[in-house]
Amino acid sequence: MKHKRVKMVFLVAVFFAAGAVHAHDTYYRIDTEPRETADEQIKLKDHERKTMEYLDEKEKAERIEQSEEFCRIGDMYYEKGEIEKAVAYYERAIMFDENNIYAHERLTAAAETRDAMEKAVSERYHRAMEYLRKGMIDQAIDELVIEIKGNPENEMLRIRLKEIETRYR
């Protein structure tokens with residue numbers, strides 16, 4: 001009977017040990033994918049990369065086209081003598097495509113024309129407009145007030161001062 005009991009304990013121990021080994025094996029079981037699934041994933045990643053490249057190129061082309069359109073508008077304003085608006089459009093063209101050499105050339109020419117026109121009024125007027133473009137409103141107004149005191153018959157200065165005060169204050 002004792003021998004039978006030992007045998008029974010042994011069988012129970014083997015049974016539980018086998019179960020533990022079996023559970024241990026399922027814990028470390030590794031699922032592998034069929035080869036086609038990996039190939040499909042590679043194809044999907046390649047397609048995604050090509051799509052992103054296409055969209056990047058499309059966006060670049062649209063930005064170049066937009067830059068060229070701003071240059072055309074700037075040219076139109078320049079021809080009409082509205083130099084400040086032309087400068088603004090050339091600057092926008094450069095924002096869309098910083099490699100647009102034509103926009104850089106036209107911006108330089110328009111800015112030089114604008115500066116010459118301002119200096120023709122007076123050096124102080126030119127300085128006031130530079131302050132205004134930099135957002136330094138109080139300094140621009142101060143320069144115009146001093147210029148008006150020195151040149152009281154120039155009505156254009158008074159109009160410009162009134163415009164600045166109305167717009168920015």
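A polar contact, as I use it, is a pair of N or O atoms within 3.5 Å; within protein, one must be able to donate a hydrogen and the other to accept it, and residues adjacent in sequence count only if both atoms are side-chain atoms. The model is predicted: local features need pLDDT of at least 70, side-chain atom pairs count only at pLDDT 80 or more, and totals for chains, interfaces and linings use all residues. Residues are numbered from 1 along each chain as its sequence is written, and side-chain values use heavy atoms, with hydrogens and water left out.

**Entry 1: start of α7.** I looked at asparagine 154 first. One of its side-chain oxygens comes within 3.1 Å of the backbone nitrogen of methionine 156, at the start of α7. Helices here are DSSP runs (H or I, at least four residues; strands are E, at least two), numbered from the N terminus.

**Entry 2: length and sides of α7.** I then asked which residues of α7 are buried. They are Leu157, Arg160, Leu161 and Ile164 (buried is under 20% relative accessible area, exposed over 50%, partly exposed in between, with a 1.4 Å probe and protein chains only). Their arc around the axis is only 100 degrees, so they lie on the same side of α7 (the arc is that of the directions from the helix axis to the C-beta atoms). The face turned away from that side carries exposed Ile159, Lys162, Thr166 and Arg167. The buried residues of α7 pack against α4 (101–121), α5 (123–133) and α6 (137–150) (contact means heavy atoms within 4.5 Å).

**Entry 3: aromatic pairs.** I found three aromatic pairs (ring centres of Phe, Tyr or Trp, its six-membered ring, within 6.5 Å; planes under 30 degrees apart are stacked, over 60 edge-to-face, the rest tilted). Phenylalanine 70 and tyrosine 89 have centres 5.8 Å apart and planes at 40 degrees, so I logged the pair as tilted. Phenylalanine 70 is in helix α2 (residues 35–80) and tyrosine 89 in helix α3 (residues 83–96), 19 residues apart. Phenylalanine 70 is buried at 12% relative accessibility. Tyrosine 89 is buried at 18%. Phenylalanine 70 also pairs with phenylalanine 96, tilted, at 5.4 Å and 40 degrees. Phenylalanine 96 is partly exposed at 28%. Phe70, Tyr77, Tyr89 and Phe96 form one aromatic cluster.

**Entry 4: charges over rings.** Arginine 92 lies over the face of tyrosine 89, 4.7 Å from the ring centre (the cut-offs are NZ of Lys or CZ of Arg within 6 Å of the ring centre and within 35 degrees of the ring normal). The charged end of arginine 106 sits over the ring of tyrosine 78, 4.7 Å from its centre.
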